[in-house]
Amino acid sequence: MAVDKSMPILIVDDYKTMLRIIRNLLGQLELNNVEEATDGASALEKMRNTDFGLVISDWNMEPMTGLQLLREVRGDDKLKNTPFIMITAESKTENVIAAKEAGVSNYIVKPFNAETLRSKLVSVLGDF
Amino acid sequence: MNGSAQPIDFESRVEELKKERGDHVSIAEVAEVVESIMATIEGDVTGLDLRVYKELDSIAHYIQAAKSEIVELCPDDIREQHLPAASDEFDAIVKATEEATGNILDAAEKIDNEGNRLGLKEISDQVIRIFEACSFQDITGQRISKVVGTLKHIEERVDRLVHAFGAQMQGKKMRQEQSESATEDWEKSLLSSPQLPTEANKQAEIDALLASFD
């Protein structure tokens with residue numbers, strides 16, 4: 001089944017430049033219904049108000065990390081099935097394992113390119 | 001003199017100091033204990049006493065040499081000037097690269113819109129490369145944050161060192177300040193670029209300053 005390109009996507013990063021880059025790269029894939037959050041708490045609040053088709057989050061944020069956000073999402077009955085991609089500079093094996101154990105849908109290591117983002121989106125959401 | 005009494009006395013004196021001062025017994029205080037024990041060694045001494053005496057003498061010299069070398073490093077200056085200045089410079093790097101990246105993205109977005117309007121795929125492909133490359137700012141920012149964290153750790157260690165040496169650091173600092181000529185200081189102060197944005201003159205201010213000489 002083709003992906004609905006109008007679905008709302010939430011991107012979470014405390015670097016506003018990074019939010020802008022991800023938004024632009026998603027735009028190149030015609031995914032333009034994008035909302036932003038600069039920390040885990042506001043991301044959760046937005047998720048409770050909007051039914052997002054995908055969350056793309058940084059890991060290294062304060063006070064709530066991306067991993068903690070992921071655990072909150074997976075622990076919430078209403079949000080737990082939301083696809084969640086982690087984009088992070090943390091590339092150690094133990095990080096990837098921790099994210100997987102917490103229920104991450106996919107994992108992108110920074111710096112990344114548009115093709116990597118596209119392939120991970122296809123992997124999580126299907127062809128579009 | 002009891003030959004085996006001295007090491008026990010040394011340990012007990014250090015223990016007493018620890019009880020009084022916790023884990024922050026200064027090197028000067030330890031040296032003082034060693035010296036005071038050495039001063040009590042007099043009269044007939046046994047072979048064991050002599051060995052203990054030599055060991056204590058060696059410890060005292062070692063501590064004195066270490067003290068001199070550390071004081072020469074001027075840890076007070078490192079703590080008060082160099083480390084904070086380095087942190088400020090790193091903060092300025094992060095801010096400047098963030099601003100520059102923002103400007104690059106502004107331009108790239110405009111080019112992208114124009115490329116889309118004209119239906120030029122090659123433009124769009126190249127703009128994607130610009131977007132990708134701009135993520136360097138996030139990575140360098142994180143790396144610099146780690147370095148700043150390391151600097152803070154060093155600052156804490158140096159702080160303990162300065163605390164341990166106290167008055168001797170002040171003496172060294174004053175001697176150094178007196179030995180540097182005013183001319184050298186002035187010339188050094190001219191070589192501190194680039195200034196932090198909060199300290200730097202803007203081009204218009206420099207122009208005005210130059211014009212004021214006419």
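The legends below describe close-up views of a predicted model.

Local features are given at pLDDT of at least 70 and side-chain atom pairs at pLDDT 80 or more, whereas totals for chains, interfaces and linings use all residues. Residues are numbered from 1 along each chain as its sequence is written, chains are lettered from A in the order in which they are written, and side-chain values use heavy atoms, with hydrogens and water left out.

**View 1. The contact between chain A and chain B.** Chain A gives 16 residues to the contact and chain B gives 19, contact meaning heavy atoms within 4.5 Å. The two chains bury about 1,600 Å² between them, 55% of it on carbon and sulfur atoms; buried area is the accessible area (1.4 Å probe) that two parts lose on being put together, summed over both. On the side of chain A, the most area is lost by Tyr15(A), Arg20(A) and Gln28(A), together 38% of what that side buries.

View 2. Three salt bridges are counted between the chains (a side-chain nitrogen of Lys or Arg within 4 Å of a carboxyl oxygen of Asp or Glu). Arg20(A) and Glu109(B) form a salt bridge through their side chains, at 2.9 Å from N to O. Helix H1 (16-28) and helix H5 (114-125) of chain A are the elements that give two or more residues to the side touching chain B. H1(A) supplies the largest share of that side, seven residues.

**View 3. The open sheet of chain A.** Five strands with parallel pairing follow the order S2-S1-S3-S4-S5; helices (H or I, at least four residues) and strands (E, at least two) are DSSP runs, numbered from the N terminus, and two strands pair if DSSP finds at least two bridges between them. Strand S2 (34-37) and strand S5 (106-109) of chain A are at the edges with a single partner strand each, so one side of each has no neighbour in the sheet. Strand S4 (residues 84-88) of chain A pairs with S5(A) over four bridges in the parallel sense. Met86(A) has Tyr107(A) as its bridge partner in S5(A).

**View 4. The surroundings of Pro83(A).** Pro83(A) is in the loop between helix H3 (66-74) and S4 of chain A. Residues that Pro83(A) touches include Gly53(A), Arg74(A), Ser105(A) and Leu125(A), not counting residues up to four places away in sequence.
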